[in-house]
Amino acid sequence: MKRRVLLATPLLAAGPAVAQPNRPHARIGLLTAQRAASMEPFLPTLRAGLAAAGLVEGRNLTLETRFGDDDLSRVPALMEELVRLPVQVLLVQGAAVSVVVRARPPVPVVFVLSGNPVAAGIAQSLARPPVGFTGLTLLSAELNAKRLELLHDLRPGLRRVAVIANPDHPGETLERSQIFEMAERLGITISLYHTRSRAELDAAFAAMDADALCVFADGFVLQNREAIARFAIARRMPLISGWRAFAESGALITYGPRLAESYRRFAYFVDRILRGTPPEELPIERPSVFELVINQRTAAAIGVEIPLSLLARADLVIE
């Protein structure tokens, strides 16, 4: 692994954006049930990927964005709005995916979701997307066992770990089984807190009594990552999750897919579809690039010493 030291959140370098002069203008829609802030870390990467494929905003690309502001019931109307424009490809993120799949819009759909598309009933298998659909899943449930091992390596005497999970998240059952199996092997007791709303998250904070905290990553906790990190730091609890944004917001460690690569990968699907490939002929992809991120500032704040062996393995260290 390549280690870099961060003093602040880095900017993503898109490289030179060169529109292909013979390429027709494309209008692409991006739809999520979440707030605009949830996409802020990923839109630059998406735009960079599209630019690398020769699709540059202001030249031969219009990117239409629609946000549901945490209201899933708004998704059908926002989808219809994008279809009427019309858009040639619809990019759909997170919880909105299931809604759009049920609606079957008359435009190709590329999705990205943190859950399991098979468990969610979206696809028969990753190799066989439904007609008109393809995309990416960020779920690697087996990594939750590895995250628990990392916590145990930091604190060998660790006995009680709290887990925050969204029961509505496709694949949560598989994630839970993985971490409970590892907990039994390590002699750790897991306390599970289901959180689908801020009220449930606050209730979990009030009830939590543990030595460390593990968060199953999904859209809801991503939006509340700063509150979760503040809670863990105040309690001097090591916090681990799957996405780098958590470490940048104060989590001690994150280990999981490099989301920037996944959102950049959107451009591959868009490019293939615009060139005539039916979406269902493009298999749903799993993450292929993973990263370990350590927040040294948080380690100092909660009194945890990160072993040099772990620091040497880190892709990013926030100091």
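View 1. Tyr268 is partly exposed, with a relative accessible area of 27%, where buried means under 20% relative accessible area, exposed over 50% and partly exposed in between (1.4 Å probe, protein chains only). Phe269, by contrast, counts as buried at 0% relative accessibility. The model is predicted, local features need pLDDT of at least 70, side-chain atom pairs count only at pLDDT 80 or more, and totals for chains, interfaces and linings use all residues. Residues are numbered from 1 along each chain as its sequence is written, and side-chain values use heavy atoms, with hydrogens and water left out.

**View 2. Aromatic pairs, with Phe205 and Phe231 at the centre.** Rings of Phe, Tyr and Trp (its six-membered ring) pair if their centres lie within 6.5 Å, and planes under 30 degrees apart count as stacked, over 60 as edge-to-face and the rest as tilted. By this rule there are four aromatic pairs. In one of them, the ring centres of Phe205 and Phe231 are 4.3 Å apart with their planes at 15°, so the pair is stacked. This pair links distant parts of the chain, 26 residues apart, with Phe205 in helix α6 (residues 198-207) and Phe231 in helix α8 (residues 225-234); helices are DSSP runs of H or I with at least four residues, numbered from the N terminus. Phe205 is buried, with a relative accessible area of 10%, and Phe231 also counts as buried, at 11%. The pair of Tyr268 and Phe269 is edge-to-face, at 5.1 Å centre to centre and 75° between the planes.

**View 3. An aromatic cluster.** Phe42, Tyr263 and Phe266 together form one aromatic cluster.

Technical notes: Helix = DSSP H or I, 4+ residues; strand = E, 2+ residues; numbered from the N terminus.
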